[in-house]
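Take a walk through this structure with the sequence at hand. Begin with the sheet, then turn to the charged pairs.

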Amino acid sequence: MLPSSRSNIITKGNDGKGARSFYQRRLLLVAGTFFVGILCVMLLSYESEGDKISKRQLAYDMKMKKYLLTQEQDKILEDELKKQAMDRFDGKMPDGDSLVRRAREKVIRKLGKEAFHFEKGVNGDIHRSKIEQEHVHHGFKIGYDTKLSSYSSMKEEELLRLIVKGEVSLYDLKIVNSRSDHFVVKGVFCHLDWSRHKEDPSSSAMFREITRVSGCDRNNFQMDIETVMKAVRDSEFSDENAVKALQPKGFVFHESRCGSTLVANALSAFDPGKNRVYSESQPPAIVMGLCSHVSKCNEDLQIDLLQDVIYLMGLTNDLNEENLFFKFQSRNSLFIHVARQAFPNVPWIFVHRDPVQVMMSHLGQGDDRAAVCLRTKKHIPSETAALIERIDGFHSPSNTEYCAAYLATLCESVHHEAVSSGTGRIVEYSSLPDILVDDIIPSYFLANSAQFGDRERQNIFDVSQKYSKGMGRRAGEWHEDSTAKEANATPEIVSAAEKYLGPIYSILLNMSAG
């Protein structure tokens, strides 16, 4: 006879022991499942910690690449990091934290920023050096080769010969000491590659782009300026057949966002082989503003230093070069008197623009943080503070009002210099580029030199059709935007422009060339 149920099999002939065995097995199964679950949670937690380290490494790499890589290398690294980020973090790019910042600072402090060098291996892989591995986490298969500057093993005399022969150029300054009786200044030198700028000025419109392309951030050396100038004056190093010192033919001051970059590009483009143009380079800017934050500053030493800096930046072993031009940063319009004292015979111009249009160029994007005119608001120049008090009394200006007041300060500084010295030419934006072709370059900067003809004029018109700061994705044809700026200006911008900038703009407009 077949058993009637499963319970009969379990209970029959074992006095209930089968039931206990069944429940024990079930209990063991549940306990085992729970233990496995705990183990999985622990493993997942451990993996999450690994991901944290990877995130820190990714953030570190994303920070490091901003400081060390050329444009091509930057693109290689960025694409690889983004791909890995997509795989690991579902496309979410983690932000850096204090640990990342400390790691980066430790590496920079250990090796020096200029010691870094990035390159692909022979098999296409990107390697990390052993030294750097000591200081950072291994989150990604991305790293950098570290290699000392090619100048690191050279003796001082060898480095001085490179400077005097025009094989390297001054591109930055380090102020070691600025006591009233003595300046201790180190120049930073590297080999500058001018070829891209001379071929298409708009593609590397700013001097910082030339230094980046030239790899100056990782391959440079420092030298005391007094030591350098002594070597320059020493006949032992001179070779007139291999190097010469260009004298400046013109200075460009400006209000900012007013067409000054177009002017700089035109100066380079009209005869690229003969012209060298420094567009907003650091050394002159540092020297010209030196006494603005040094108590009891010795202005005679400042003038001497500026003359030395301009001389060194004019050294060239390209004997085809004849003309040297400088476009200074807009803030240096406050210190135009320094440049004038150092170089009283060098022609200069000041470029300015309609107040509403220039204000919209600064503030029209809706993000005040990027506005050049607001960079000094935390440390307001005394001239700007005096102008605000003169117009509004004791007043805490809005960002828009401060922008207008600061720009007016630049304009007033230049106006004072022009009136007191009887020098300079004022150039209004709307007259560009015609005024350059018809007057400023041939008659003023070049003093009616025979080197300016139809070809040079056409070169200027050609470069003026491009967007003046056409670097990278910004490259393209230029389109007039003055009407759109005026149409889109907010009432606050219009009011501030009229209050602060309107009076000095009218005065400068009456003085403008053309």
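The paragraphs below cover the sheet, the helices across it and the salt bridges. Keep in mind that this is a predicted model.

Start with the sheet. Strands of a sheet pair through backbone hydrogen bonds, either parallel or antiparallel. Here 3 strands make an open sheet, in the order β1-β2-β3, with antiparallel pairing. The edges are β1 (169-179) and β3 (221-224), each of which pairs on one side only. From one strand to the next, the twist averages 25°. Between β1 and β2 (residues 182-190) there are 9 bridges. Arg 179 sits opposite His 182 of β2.

Two helices lie across these strands. Helix α12 (residues 299-313) lies across β1 and β2, at about 15° to β2.

Now the charges. Side chains of opposite charge can pair when their charged atoms come close. The whole structure holds 20 salt bridges. One of them joins Lys 174 to Asp 172, with the closest N and O atoms 3.9 Å apart. Lys 174 is partly exposed at 37% relative accessibility, whereas Asp 172 is buried at 17%.

Arg 218 pairs with Asp 217, with 3.7 Å between the closest N and O atoms. Is Arg 218 buried or exposed? Arg 218 counts as buried because its relative accessibility is 14%, under the 20% cut-off.

Arg 390 and Glu 412 also form a salt bridge, at 2.7 Å. Arg 390 belongs to helix α15 and Glu 412 to helix α16, so the pair ties together parts 22 residues apart in sequence. Finally, salt bridges link Asp 271, Lys 274, Arg 455 and Glu 456 in a network.

Key: Residues numbered from 1 in each chain as written. Predicted model: local features only at pLDDT ≥ 70, side-chain atom pairs only at ≥ 80, totals over all residues. Heavy atoms only, no water. Pairing = 2+ DSSP bridges. Helix = DSSP H or I, 4+ residues; strand = E, 2+ residues; numbered from the N terminus. Axes fitted to C-alpha atoms, helices over the stretch in contact; angles between N-to-C directions. Contact = heavy atoms within 4.5 Å. Salt bridge = Lys/Arg side-chain N within 4 Å of Asp/Glu carboxyl O. Buried < 20%, exposed > 50% of the residue type's maximum accessible area, 1.4 Å probe, protein only.
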